[in-house]
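Please read it with the sequence and the structure at hand.

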Amino acid sequence: MNERASESDMEAQASQFMAENPERTSARRRPTEADAATYDREHRGTVGELRSEVPRMRCTRVNVRYGDKHAIRDVSLDVGKNEVLAMIGPSGCGKSTFLRCLNRMNDTVAGCRVTGEILLDGKDIMAPDVDVVPLRARVGMVFQKPNPFPKSIFENVAFGPRIHGLAQSHAELEEIVVSSLQKANLWDEVKDRLAHPGTGLSGGQQQRLCIARAIAIQPEVILMDEPCSALDPISTAKIEQLIDELRRNYSICIVTHSMQQAARVSQRTAYFHLGDLIEVGDTDRIFVKPQHQLTEDYITGRFG
Amino acid sequence: MSEPAQTERDSFARVEAGMKRRRAAERRFRFFGKCAVGLGLGFLVILFASIVGNGYSAFWQTRITLDVTIDEAIVDPAGTRDPALLRAADYGALIKQSLREMFPDVSGRRNRFALYGLVSNGANFDLRDRVLADPSLIGSKVALSVAADDDVDMLMKGHIDRGAPEADRRVKDNQLAWIDALEADGRIRSAFNLDFFSNGDSRDPELAGIRGALMGSIFTLFVTLGLSFPLAVAAAVYLEEFAPKNRWTDLIEVNINNLAAVPSIVFGLLGLAVFINFFTLPRSAPIVGGLVLTLMTLPTIIIASRAALKSVPPSIREGALGVGASPMQAVMYHVLPLALPGMLTGTIIGMAQALGETAPLLMIGMVAFIADVPAGVFDPSTALPVQIYLWADSPERAYVEKTSAAIIVLLLFLAAMNALAVLLRRRFERRW
Amino acid sequence: MTQTPLLIVLLLTLSSLAYHFGRKRAFAVSAGHTRTLHSLPAYYGLYAALWAVIPALLVLGLWLACEDTVITRLVVGSLPPEIASLAPSRLNLVLNDIRNLVVGNIVSSEPDALIVAAADRYRELRGVSTVALFAVTLGLATIGGWLAYGRIRPEHRSRNAVERIVMGILIACSTIAILTTVGIVLSVLFESIRFFQAVPVTEFLFGLDWSPQIAIRADQAGSSGAFGAVPLFAGTMLITLIAMSVAVPIGLMSAIYLAEYASSRVRATAKPLLEVLAGIPTVVYGFFAALTVAPFIRNSGGLFGLDIASESALAAGLVMGVMIIPFVSSLSDDVINAVPQSLRDGAYGMGATQSETIRRVIFPAALPGIVGAVLLAVSRAIGETMIVVMAAGLAAKLTANPFEAVTTVTVQIVTLLVGDQEFDSPKTLAAFALGLVLFFVTLALNVLALYIVRKYREQYE
């Protein structure tokens, strides 16, 4: 009850804010030199560089509705190859919802409708004949709370390759497991206890196990939904370092609550506000020179 | 850079290659699930179809209309019209005479015996009651509709095959001829089987009814309800509202959960050893049945009542305590009334469970053949499910029909009770 | 005993009088200023009323429980020594005759003068007892009410006193569960101990031959009947096994289908319908098994040239399995729903199909809970009586062939105890020994299952 009330309060406040200060919000938009090309009037309210030069995924006018609630409005955004894209914004702004569109995880939520176009390597993944199974094999996901399966560490990582039939032999499977654990910087910590249950690891280790599990199926994109929010600072640092290493081979989309984390790990940052994508751009630029009033207010800590 | 891209494409191809097999496995699994649900529901349908199919005909009864001359010389030779004498008169002779008149050419002891076997033994009592109610009938000729013998009834309902060899058939050729003659005469008709609801048990299937068993069940449930509801509510109130958390209450709690899963027959053993052998309560009496079923349903009702108390929000208690009520007053005046509908629902479900229970009643002797309708909780009686068990064991074909009909009645009662529980829950369900 | 309702009515009247006067006195002692009273006036009335009725009711209950035993003792004591010293079983017959005579039932043979005298004495003692009961209880009620009445003063804490009494009653009610368990254990244990004095425990538990019928006739040595219960245990296990192989796959798969696949509309209809199966009385299943399923199995067995007994373990087991389906499915449903959504998300997020998620993630995660559910179902099947009584037969055969008739522990308890039999023969006592085994086996299964399920719940809380 309370949550819902405060959410709608926030919405009301924000729209009031927008209505009372039209000149203020527009005055702070600074369409200067480089922006002219990327500043796209067509896309509601979004400022900055929506498009990437080497896109892996390209979303155009994506809308999400839960029943009557319009959770995501006309979001257009690219995820580039070998880049880390951070999505930030106050809670309830729709960043997680948008993330879950990218591998159609919203299909599992009852009453959720997604419209618009999402291309992966130029192919629309929203088309009705697209099977979500191979799609999710290409767009992996790591969740907010570490959720290792109640199986051994080995079996956790082997799960994906097994169901997708990626390994021809047990030796090959072992190779995949070992290399995934190595890539996830977990190998040294667990190599002696691969048969132990994955749930027995510490929180940070569990999350790296989940990352290992995701990369064992060789995805092209990895989606991370606040992967460090349940972890201590040391584990967080390890995961952040890992994300930076993984960028060499994968495109990574990370939703985060922490602006510092976004600044540390990402190359590009998208700022969401109440279902609208407000501003996208190079991370360095967003945090130093935000173009939109709301972005500036958020990163300077006026709300959020 | 090129190396991971290579494996990427490679793995993607493998995923695609496996999709056909995996989609088939998915469909298969889903199909198994559907099959399981379908099988479960199918069993339900078969069960009901079998019971109703066997039982619905028991609600009708074949009756034969006889013209009976009430001969004063047989009924009341002294002419006193004394009811005690009238009661003791040989009405069977009148019935037999009437049958003989209808088929005058039947001769020989054996044949006559077969002829008399067409109507039920209950005909005598029908005639007696008729005469006792109106002694002026004596000397006149009355048309009396009597129940046919169960074999005739079965024949008319098509459960006996006319084409079977005579030796394998319960209704012999000569009887068939008489029945056909009676039918041609318009003397055989099918009527609603009132006897089934007004009679007690009987050795004659056409006379057997469920009234005795039904009354036995009602008395038993009455005792069960009267004891288990207050006991369970008191126990639930204590455990949920007042009990300190300690070993003793933990023990009670574990105990209640385990008692709920103890086989019902063990409760029967308890009843036999404690109530009958130790306290020497009468065997076969609803009071003992009620006591045993009370102990059996108590855990169910306690668990349901505790859930009902738990669903009353603490703010109600705090509110009452805040205006100076004692904890006991808060519970009695505020919490209990709000929890009562939930408790009643649980109690009805417990009663439905008790109504269908058979095994413990067998142990305490409620399984005897009892023709009288019980008049109180100390009278020997059976119960509806036990009656079903007894009839199911009887060899006559007619009891199959009776058993199924008794089951239909039992299931109707259970359905009504459960519907009441659902209604109560819908009516009083609150969201805090 | 027949006057008990009257007595209870009288006691309640006395109690309401006590209430009335107690309340009045509360007004009187406060001289109309009820605010000076510690409690509301009604509590003073209740206080007096409770004191009037509770001791009297306790005495009444105790009296009724012991009356018959005491009178019987006295009557036996007054019988001539040659009858009083008869063997207990013969003495029981005499006592039965006496009781029948008292009630006015027709006694089989011409009553003997001694018996008539004893019956007269019995009747007389009962009359005395009834009068005494009335005097004692009514006197107690008056005294109790009067004493409480005398204690009523403005500063008397009636509410607290009443609440203490009510609390005592509540506590007494909640201990009934314990008393029931104790009663069960004691009643089966005592009779079993007497049984094991006649038949060694080892023979009972490990003997391969069960034919208690021989023991009926007194001229044959009572313990010469064979009481080896292994064929019973084997039969119980065979039928349970058959029931489980029907109930577990169907129950589990339907739980999975309804929880993971079915639309909410299908679930809302199919779930309650399946649960109807659990609400049908077992005697109905028994009839269904004997009337429909057993002949069906026999006939279809005939088609394949199989010789199937008309009362086969298969028929009883199948129908019992059907009965247990909703039990397995609703317990499994709870367990499956307790598996956190995050595990499902994890599997779906990696591209697992729904069935792969269920088989490789949800099922292993829910396994302990499902094992617990199955154990509870097994305990249900072992203790189930009516289906096997009506459909499984009486032949104590040691066989694993589902097409033959077998017998079970519960069937034997019923056959040994139903009908006229003398108590104290090893035959009837054997039923209690079987009851003891049944009680402890099901208890162990339940405790184990509840423990597993609770551990499982804690894991995901």
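## Strands and interfaces

In chain A, strand β10 (residues 268-273) is joined to β11(A) by six bridges, and the two strands run antiparallel. This is a predicted model, and what follows should be read with that in mind. Within this pairing, A:F272 stands opposite A:L277 of β11(A). The hairpin of β10(A) and β11(A) has two residues between the strands, and in it A:L274 takes a positive phi near 50 degrees.

Strand β11 of chain A, which spans residues 276-282, is mostly covered, since six of its seven residues are buried. Strand β11(A) is also joined by two bridges to strand β1 (residues 47-48) of chain A, and here the strands run parallel. In β11(A), the residue opposite A:V47 is A:E279.

A further group of strands in chain A forms an open sheet of four, in the order β3-β2-β5-β6, with antiparallel pairing. Its edge strands are β3 (69-80) and β6 (123-124) of chain A, each of which pairs on one side only. Strand β5 (residues 112-120) of chain A is linked to β6(A) by two bridges, and these strands run antiparallel; A:L119 has A:D124 of β6(A) as its bridge partner.

Chain A as a whole contains 13 helices and eleven strands. Of its 304 residues, 55% count as buried. Among the contacts in chain A between residues at least 6 apart in sequence, 67% join residues at least 24 apart.

| Interface | Residues in contact | Buried area | Share on carbon and sulfur atoms | Residue pairs in polar contact |
|---|---|---|---|---|
| Chain A and chain C | 23 residues of chain A, 16 residues of chain C | about 1,600 Å² | 68% | three residue pairs |
| Chain B and chain C | 77 residues of chain B, 79 residues of chain C | about 6,600 Å² | 78% | eleven residue pairs |

Between chain A and chain C, which bury about 1,600 Å² between them, the residues of chain A that lose the most area to chain C are A:P150, A:F159 and A:I163, together 30% of what that side buries. The elements that give two or more residues to this side of chain A are α5 (132-138), β7 (139-142) and α6 (153-164) of chain A, and α6(A) gives the most, with five residues. By class, the side of chain A that touches chain C has twelve nonpolar, six polar and five charged residues.

Between chain B and chain C, which bury about 6,600 Å² between them, B:F29, B:L47 and B:L269 supply 10% of the area that chain B buries against chain C, more than any other three residues. How many salt bridges are counted between chain B and chain C? The count is one salt bridge, and B:R22 forms a salt bridge with C:E356, where the closest N and O atoms are 2.8 Å apart. Helix α1 (residues 2-55) of chain B gives the largest share of the side of chain B that touches chain C, with 21 residues. The residues on that side of chain B divide into 57 nonpolar, 15 polar and five charged.

Note on methods. Residues are numbered from 1 along each chain as its sequence is written. Chains are lettered from A and ligands numbered from 1 in the order in which they are written. This is a predicted model: local features need pLDDT of at least 70, side-chain atom pairs count only at pLDDT 80 or more; totals for chains, interfaces and linings use all residues. Side-chain values use heavy atoms; hydrogens and water are left out. Two strands pair if DSSP finds at least two bridges between them. Buried means under 20% relative accessible area, exposed over 50%, partly exposed in between (1.4 Å probe, protein chains only). Contact means heavy atoms within 4.5 Å. Buried area is the accessible area (1.4 Å probe) that two parts lose on being put together, summed over both. A polar contact is a pair of N or O atoms within 3.5 Å; within protein, one must be able to donate a hydrogen and the other to accept it, and residues adjacent in sequence count only if both atoms are side-chain atoms. Ala, Val, Leu, Ile, Met, Phe, Trp, Tyr, Cys and Pro count as nonpolar, Asp, Glu, Lys and Arg as charged, and the others, Gly among them, as polar. A salt bridge is a side-chain nitrogen of Lys or Arg within 4 Å of a carboxyl oxygen of Asp or Glu.
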